[in-house]
Amino acid sequence: METCMNLKPRARPALASVCLMAALLTFGTTATAFGDQWYLGLGGGASLLEPKVASGAADDDDNVGTLGSVIVGRDLDFRSSVEMQIRSLGSAGFENNADVDYLSLDGALLYRLFDSRGRGARARGFGASLYGRFALGYITRDADVALRGENAVNFGAGAGVEVYLGQILSLRAEGNYHDNDASSATLALVARFGGRRRGPLPPLPDDLPLIEPEPKTAADTSDEQLDEDGVTMMPGNDSPLLIGIESDLPPGAARNRDTDGDGVDDAADRCDNSTPGYPVRDDGCALFNGVLKGLDFATGTDQLEPGADEQLDRLAKLLDTYPDASVSIFAHTDNSGSEAEQTSLTRSRLLVIGRGLIDRGVSAKRLNLRSFGGSRPLHDNSTPEGRERNNRIEILEHPPE
């Protein structure tokens, strides 16, 4: 630290940032939090400074400054963040050895135009995002020469790319326009911390709703094969795909790690990108991903069959156990009747399910209900069994944007 401080004034921003980045790296590797997070960043780079000098002052000779920055911010959701940055933009020099030193402070909104990690997956590790930055800032100019046209308050804009090195650390490269006499390019190391933790997840209730993953068809499988009952099988393995298969790890791989924090060790985890706050099966794959069995309606009506209320009780209890989880519920029917009649029927059934869950204490904001009528059959409508199975209620994860 003493080495970082004993520097010439114009060299301090870049070298001090290097020293502070080392400290940030040490901190970031010990962080363990996930979810909606705070973040801290330290950066360095270059600035282009073009101060407007008053009449009679010397022309600028050196207008490329050395930049150092500190970033403090918070991720609001998957798409947006708010942050504050303080920057030493460096100095613009003149032939007569006069200088203009720039210091800026701004508050900004970041909006991610693209994120390769996908929807609701901020804690899923490696990836990259492209973002725009819109700022309200304040610039001070400490000048040895007379300046004109100074604007202390400014509206700035910029853009950048952030490369996520894991669940904690990322590298950010961005360019910013601050005012008509100042712009910059920065490379920063960012560490995220705080927010909601991914684990440990609460235990599953004993009386789970029956959610049966839909089997794939032969057209949907390439390296997989179907057994005689239509259950998806992996080559060389006699266990159904969704009944907790052991994973084959490379030699020397750790078998007690839980990379995605879903409570299932990597050795047994078939789905290594579990959504934070959602229940999973014994094999680490999403529980909310299939057909709700036992939630049946009388043929051609929106009247629940006996036993369906118990399924709604179980589903409401599961959602209460996982308060951060939102779900999509899809209603389907067979090809009986016209398209309008099919749509009307599935909408009526959705209303029954939605009202039933709300009456049991589930917030309507956590439910995304969609009616598909008979447009998405999975089974042969020419047989009674196929039509019965096409009358189904599906449930899937619906993480917020």
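How many salt bridges does a search of the whole structure find? The search finds 13. The model described here is predicted. The mean pLDDT of the chain is 77, and 72% of its residues reach 70 or more.

**Confidence along the chain**

- pLDDT is the predictor's confidence in each residue, on a scale from 0 to 100.
- For the chain, the mean pLDDT is 77.
- Over residues 1-35 the pLDDT is below 50. In the model this stretch has 58 contacts beyond near neighbours in sequence.
- Residues 215-254 also have a pLDDT below 50. Beyond near neighbours in sequence, this stretch has 57 contacts in the model.

**Salt bridges**

- Glu83 and Arg172 meet through their side chains in a salt bridge, with 3.0 Å from N to O. The pair links distant parts of the chain: Glu83 is in strand β4 (residues 80-94) and Arg172 is in strand β8 (residues 169-179), 89 residues apart.
- Are Glu83 and Arg172 buried or exposed? Both are buried. Arg172 counts as buried because its relative accessibility is 1%, and the cut-off for buried is under 20%.
- Arg172 also forms a salt bridge with Glu174, at 3.7 Å from N to O. Glu174 has a relative accessible area of 7%, so this residue is buried.
- Arg172, Glu83 and Glu174 belong to a network of salt bridges that also includes Arg87, Asp106 and Arg133.
- The side chains of Arg192 and Glu162 form another of the salt bridges, at 3.0 Å from N to O. Arg192 lies in strand β9 (residues 182-193) and Glu162 in strand β7, so the pair ties together parts that are 30 residues apart in sequence.
- Arg192 and Glu162 are both buried.

**The disulfide**

- A disulfide is a covalent bond between the sulfur atoms of two cysteines.
- One disulfide turns up in a search of the whole structure. It joins Cys271 to Cys285, with 1.9 Å from S to S.
- Cys271 is in the loop between β12 (232-233) and β13 (289-292), and Cys285 is in the loop between β12 and β13 as well, 14 residues apart.
- Which hand does this disulfide have? The torsion about the S-S bond of Cys271 and Cys285 is about 75 degrees, so the disulfide is right-handed.
- Cys271 has a relative accessibility of 28% and therefore counts as partly exposed. Cys285, at 8% relative accessibility, counts as buried.

**The nonpolar surface patch**

- Which residues form the nonpolar patch on the surface? They are Tyr111, Leu113, Phe114, Phe126, Leu130, Phe134, Val161, Val163, Leu165, Leu171 and Leu187. Together they have about 1,100 Å² of accessible area.
- Strands β5 (99-115), β6 (127-143) and β7 (153-164) each supply at least two residues of the patch. β5 gives the most, with three residues.
- One of the patch residues is Val161, which is found in strand β7. Val161 counts as partly exposed because its relative accessibility is 35%.

**Asp115**

- Asp115 is in strand β5, the strand that gives the most residues to the nonpolar patch.
- Asp115 has a relative accessibility of 8%, so this residue counts as buried.
- What does Asp115 contact, leaving aside its neighbours within four places in sequence? The contacts are Phe78, Arg79, Ala128, Ser129 and Tyr164.

**Val264 in a loop**

- Val264 is in the loop between β12 and β13.
- With a relative accessible area of 10%, Val264 is buried.
- Not counting residues up to four places away in sequence, Val264 touches Arg257, Asp258, Asp269, Val280, Arg281, Asp282, Asp283 and Gly284.
- Val264 and Asp282 are 18 residues apart along the chain, and their C-alpha atoms are separated by 7.1 Å.

**Ala340 in a helix**

- Where is Ala340 placed? Ala340 is in helix α4 (residues 339-359).
- Ala340 is exposed, because its relative accessible area is 57% and the cut-off for exposed is over 50%.
- From C-alpha to C-alpha, Ala340 and Gly373 are 8.1 Å apart in space, while in sequence they are 33 residues apart.

Notes:
Residues are numbered from 1 along each chain as its sequence is written. This is a predicted model: local features need pLDDT of at least 70, side-chain atom pairs count only at pLDDT 80 or more; totals for chains, interfaces and linings use all residues. Side-chain values use heavy atoms; hydrogens and water are left out. Patches are made of residues with over 30% relative accessible area and no salt bridge: like charges are joined within 9 Å, nonpolar side chains (Val, Leu, Ile, Met, Phe, Trp, Tyr) within 5 Å. Accessible areas come from the Shrake-Rupley method with a 1.4 Å probe; for residues, only the protein chains shown count as cover. A salt bridge is a side-chain nitrogen of Lys or Arg within 4 Å of a carboxyl oxygen of Asp or Glu. Helices (H or I, at least four residues) and strands (E, at least two) are DSSP runs, numbered from the N terminus. Buried means under 20% relative accessible area, exposed over 50%, partly exposed in between (1.4 Å probe, protein chains only). Contact means heavy atoms within 4.5 Å. A disulfide is a pair of cysteine sulfur atoms within 2.5 Å.
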